[in-house]
Amino acid sequence: MRHSEFALNTLKEVPSEAEIVSHQLMLRAGLIKRLASGLFTWMPIGVRVLRKVEAIVREEMNRAGALELLMPAVQPAELWQESGRWDQYGPLLLRMSDRHEREFCFGPTHEEVITDIARKELRSYKQLPVNYYQIQTKFRDEIRPRFGVMRSREFIMKDAYSFDLDEDGVISSYEKMYDAYVRIFERLGLKFRVVIADSGEIGGNRSQEFHVLADSGEDAIAYCDADDYASNVEMAATPEPEGEPAAPAQEMQTIDTPGVKTIEALAELLGVRSDQTLKTLIVDGDDGPVALVLRGDHELNAVKAQKLDGVASPLNMADPGTVFKATGSEPGFAGPVGLAIPVFFDHATATMSDFVVGANEKDKHHTGVNFGRDLPAPDTVDLRNVVEGDPTPGGGGTLQIARGIEVGHIFQLGDKYSQAMGAKVLDADGKERVMQMGCYGIGITRIVGAAIEQNHDENGIIWPDALTPFDVSIVPINMHKSDAVREAAESLYRELTNMGYEVLLDDRDARPGFKFADCELLGIPHRLVVSDRNLKNDELEYRHRRDSESATLKREDALKKLNGSRIS
């Protein structure tokens, strides 16, 4: 491809609306153009990368025995009403009506459509197992689209759905998809971890997420190599406490804390550490408000909390009026002493003594509080996010925390959709059986952003070899003034193209420094510079995108280096 024919425009300055590196570099390198909030046009160079992601995903899905189809993006409301998700999915679902006032949605996912296909196409156990997949556009009406393609409203996704006769079958299908996903991300050249995850709106009883590791990742991952453990922080369990609290050394006192509503302000006022305080959060329950109590330095885990008996799901903090009725005070001063509503204590509170809590009175806190004297000794539950240094659930090591970008998610659905929508087959005895399902998603567009977040420097993108839009950039110096440089560059371009390389010939009449900057911004792995000076010695200047210096090599040696990198 000749640069002059590629209609590629790059930007020197960082766009003001771009918050993270991948968004900045994708705009600067001309991969995407913003159309509206959360909506992007993929430009030709961006599409080249997208197609490489799709090709690897498609090859591995086919290798795993999945069958490609293509379902409509717009789906009738009736299917979602059958599954019960029309009302459950919430504002993320973009709803619309046609000219006859029939309701539809722009699909954020396709469980309902594929289940409708399965109940019409699959009749006998002899047709199972089967796994259908597609690569297609989705839409989720994010309340605040941000981070470019990381959290856009419209995106491209590979989604697959397996159907089996029984639980053993769906486990086997799930494990095949797990293996396929591992191969996909290894081929993409990305550093990733597979973590235990919550099934969220999709449902099911088992799910795992595939995370590309990057400092900018929205998700926190708890892992331990020694224990071969990895989990989304939302799902990582904390252990029950060992040992007993120390004997009380203080009497409980009520002290004035005017205007102190945060743990940080309270600890500073009293000269104590935040882990010597308890915070009491009042949330909505099924039959009235519920109190959740955890150590001041710990964060509430909403996923864990909303699974407790009596706590409303999704988790919702009680409004100030409800807090006042339940505690006699405004938010910020609630505490467990004398509280007449259901109270759940986190595991980490059980061994505390002489701690500080809200006094259920405005501008007041209790100090010197102890279990067994001022409060009943609690039966504790797991309420918090794990932190670095916590023991692993298996006890084989301690947890570390890393940031990750979710790029894939696999679910063992069971019969959540097939039961609701009557997707059944006849078994060997002629009896109807509800099929067992799995679903498996990969964010195609998100992978591109995640790859950049993991592979970049101050000059631009550094693509993994599998994703680069071009393999080689040829940069002629002053080719518009030198026939020798032009002829040598054209000859090299034809030769490398015939060898199967994807080549970008920078034939623009521009300064060398400008061309070099664009080459680094675009992340093309190999750069060959053709100049009058080097041609006199039959040489080329070679530089790999990850190298800090260029090397002047004989033409033959430069091509050998290029071929050697392809072999490796």
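Reader: How do the lining residues of the largest cavity divide into nonpolar, polar and charged?
Author: On a 1 Å grid over the protein atoms alone, a cavity is a set of points where a 1.4 Å probe fits but cannot get out, and lining residues have an atom within 4 Å of a point. Ala, Val, Leu, Ile, Met, Phe, Trp, Tyr, Cys and Pro count as nonpolar, Asp, Glu, Lys and Arg as charged, and the others, Gly among them, as polar. By those classes, the lining of the largest cavity holds 3 nonpolar, 2 polar and 4 charged residues.

Reader: What pLDDT do local features need in this model?
Author: Residues are numbered from 1 along each chain as its sequence is written, and side-chain values use heavy atoms, with hydrogens and water left out. This is a predicted model: totals for chains, interfaces and linings use all residues, side-chain atom pairs count only at pLDDT 80 or more, and local features need a pLDDT of at least 70.

Reader: Which elements each supply at least two residues to the lining of the largest cavity?
Author: The lining residues are C519, E520, I524, P525, H526, R527, R543, H544 and R545. At least two lining residues each come from helix 13 (512-522), strand 28 and strand 29.

Reader: What is the volume of the largest cavity?
Author: Grid points are joined across faces, edges and corners, and a volume is the space filled by probe spheres set on the points. There are 2 cavities of 30 Å³ or more. The largest has about 60 Å³.

Reader: Which element gives the largest share of the lining of the second largest cavity?
Author: H3, S473, L504, D506, R508, K515, D518, C519 and L522 line the second largest cavity. The largest share is 4 residues, and it comes from helix 13.

Reader: Which residue in strand 29 is the bridge partner of R527?
Author: Strands pair if DSSP finds at least two bridges between them. Strand 28 (residues 526-530) and strand 29 (residues 539-544) run antiparallel and are joined by 4 bridges. In strand 29, R527 has as its partner R543.

Reader: Which strands form the edges of the open sheet?
Author: The sheet has 5 strands in the order 27-26-28-29-30, with mixed pairing. An edge strand here pairs on one side only; these are strand 27 (503-505) and strand 30 (551-554).

Reader: What angle does the direction of helix 12 make with that of strand 26?
Author: Axes are lines fitted to C-alpha atoms, for helices over the stretch in contact (heavy atoms within 4.5 Å), and angles run from 0 to 180 degrees between N-to-C directions. Helix 12 (residues 483-498) packs on the sheet and touches strand 26 (472-476), strand 27, strand 28 and strand 29. With strand 26, the helix direction makes about 170°.

Reader: How many residues of strand 23 are buried?
Author: Buried means under 20% relative accessible area, exposed over 50%, partly exposed in between, with a 1.4 Å probe and protein chains only. Q436, G438, Y440 and I442 point one way, M437, C439, G441 and G443 the other, and all are buried. For strand 23 (residues 436-443), that makes 8 of 8.

Reader: Which residue of strand 23 is the bridge partner of Y161?
Author: Strand 8 (residues 154-164) pairs with strand 23 in the antiparallel sense over 8 bridges. Strand 20 (residues 400-414) also runs antiparallel to strand 23, with 6 bridges. There Q412 is partnered by G438. The partner of Y161 is C439.

Reader: What is the relative accessible area of E59?
Author: E59 sits in helix 2 (residues 44-63). The residue counts as partly exposed because its relative accessible area is 42%.

Reader: Which strand gives the largest share of the lining of the second largest pocket?
Author: A pocket is an open set of grid points with protein on both sides within 12 Å along at least five of seven lines. Of its 21 lining residues, K261, T280, L281, P331 and G332 are the closest to its centre. The largest share, 5 residues, comes from strand 14.

Reader: What percentage of the residues in the protein chain is buried?
Author: The chain has 15 helices and 30 strands. Its C-alpha trace spans about 95 × 70 × 50 Å along its principal axes. Of its 568 residues, the buried share is 52%.
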